[in-house]
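Please examine the sequence and the model shown here before reading on.

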Amino acid sequence: MRHLLSIADLSKAQALSILDTATELARVSDGAVKKLPTLRGKTIVNLFAEDSTRTRISFEAAAKRLSADVINFSSKGSSASKGESLKDTALTLQAMGADAVVIRHGASGAPARLASSEWMHGSVINAGDGTHEHPSQALLDAFTIRKHLSKGAPDLAGLRVAIVGDVLHSRVARSNVLLLNLLGASVVIVAPPTLLPVGIESWPVSVSYDFDAAIGAVDVVMMLRVQQERMNDLFYPNAREYSRYFGLTSQRLKLMNAPAIIMHPGPMNRGLEIAAEVADSARSVIVEQVANGVSVRMAILYVLLAGQSLKEGGS
Ligand code: CP
């Protein structure tokens with residue numbers, strides 16, 4: 001495996017190998033010596049052409065824990081803000097000897113364009129492209145679900161996940177649907193009709209417009225951010241109406257199954273898609289998702305750049 005562009009490119013064995021490697025690396029991170037020498041001498045560039053907190057910081061932490069050199073590059077403050085093309089940016093990074101580029105871009109397909117070009121010879125990791133995919137987020141979400149609910153099984157067979165909210169604009173939802181399906185979980189999408197993508201009937205999911213009916217039948221409630229910055233139109237009447245029908249409120253929390261967990265990729269709109277007290281409740285694993293993100297991103301870099309999983313006996 002050279003690139004991570006889409007969950008659709010992964011076999012079940014490859015996805016499980018990343019999750020297993022992340023489990024081993026999490027043990028290292030919990031120990032006294034957090035650093036491994038595995039990627040010493042490698043250079044990883046974080047190329048973020050869209051804002052990010054969690055993904056950018058956790059890829060940086062992951063690379064540093066594997067002893068790689070890290071170059072952080074964001075559009076703001078770079079020549080990309082002067083109109084420099086993706087090609088010229090990539091050629092510059094190649095000239096600097098980048099072994100991997102972690103790219104977030106507003107254009108769906110930008111990481112694939114980079115990977116298929118002659119501009120760069122290293123690995124390309126999609127850190128979120130437009131409304132297309134966010135594969136490392138889906139992998140850390142699967143890692144978190146497995147840790148809490150799989151009862152020792154390697155995959156997520158039999159688990160039921162509700163993905164709730166702004167699916168239309170969500171690359172997190174697209175990657176999660178693919179990965180949850182690959183790992184044997186079933187998915188129900190809960191959203192207003194206006195926030196469902198065209199072609200949802202071809203997705204391997206069921207669809208519900210009734211959050212109250214769906215919430216008691218699942219093991220995981222994965223809330224999505226309402227992506228106001230991508231909305232040029234009115235997709236719901238107002239914030240109060242949205243919260244009433246599709247928000248995870250304290251009242252709805254009471255309808256959840258006893259062991260069910262609450263997830264959110266962040267950043268959250270507290271009070272819109274999720275109530276503040278629910279986000280901070282004992283059922284919420286939202287902060288843990290961020291911590292798990294470091295181990296999973298270490299595993300992605302390890303598998304792509306060291307060429308093996310820890311389960312296969314890597315260094
Ligand atoms: N979940 C996620 O991608 O968060 P950031 O935008 O902060 O990276």
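The model is a predicted one, in which local features need pLDDT of at least 70, side-chain atom pairs count only at pLDDT 80 or more, and totals for chains, interfaces and linings use all residues. Residues are numbered from 1 along each chain as its sequence is written, and side-chain values use heavy atoms, with hydrogens and water left out.

The protein is assigned domain 1 (7-133 + 290-312) and domain 2 (135-286), with bounds that come from an automatic or database domain assignment. Taken over C-alpha atoms, the centres of domain 1 and domain 2 are 25 Å apart. In contact (heavy atoms within 4.5 Å) are 32 residues of domain 1 and 28 residues of domain 2. Because domain 1 and domain 2 both give residues to the shell around the ligand, the ligand lies between them.

Around the ligand (a heavy atom within 4 Å) are Ser52, Thr53, Arg54, Thr55, Arg104, His134, Gln137, Pro265 and Gly266.

Polar contacts, here pairs of N or O atoms within 3.5 Å, can be followed atom by atom. An oxygen atom of the ligand lies 2.9 Å from a backbone N or O atom of Arg54. The side chain of His134 has an N or O atom 2.9 Å from an oxygen atom of the ligand, and that of Gln137 has an N or O atom 3.0 Å from a nitrogen atom of the ligand. Of the 260 Å² of accessible area (Shrake-Rupley method, 1.4 Å probe) that the ligand has on its own, the protein covers 92%.

Methods
A polar contact is a pair of N or O atoms within 3.5 Å; within protein, one must be able to donate a hydrogen and the other to accept it, and residues adjacent in sequence count only if both atoms are side-chain atoms.
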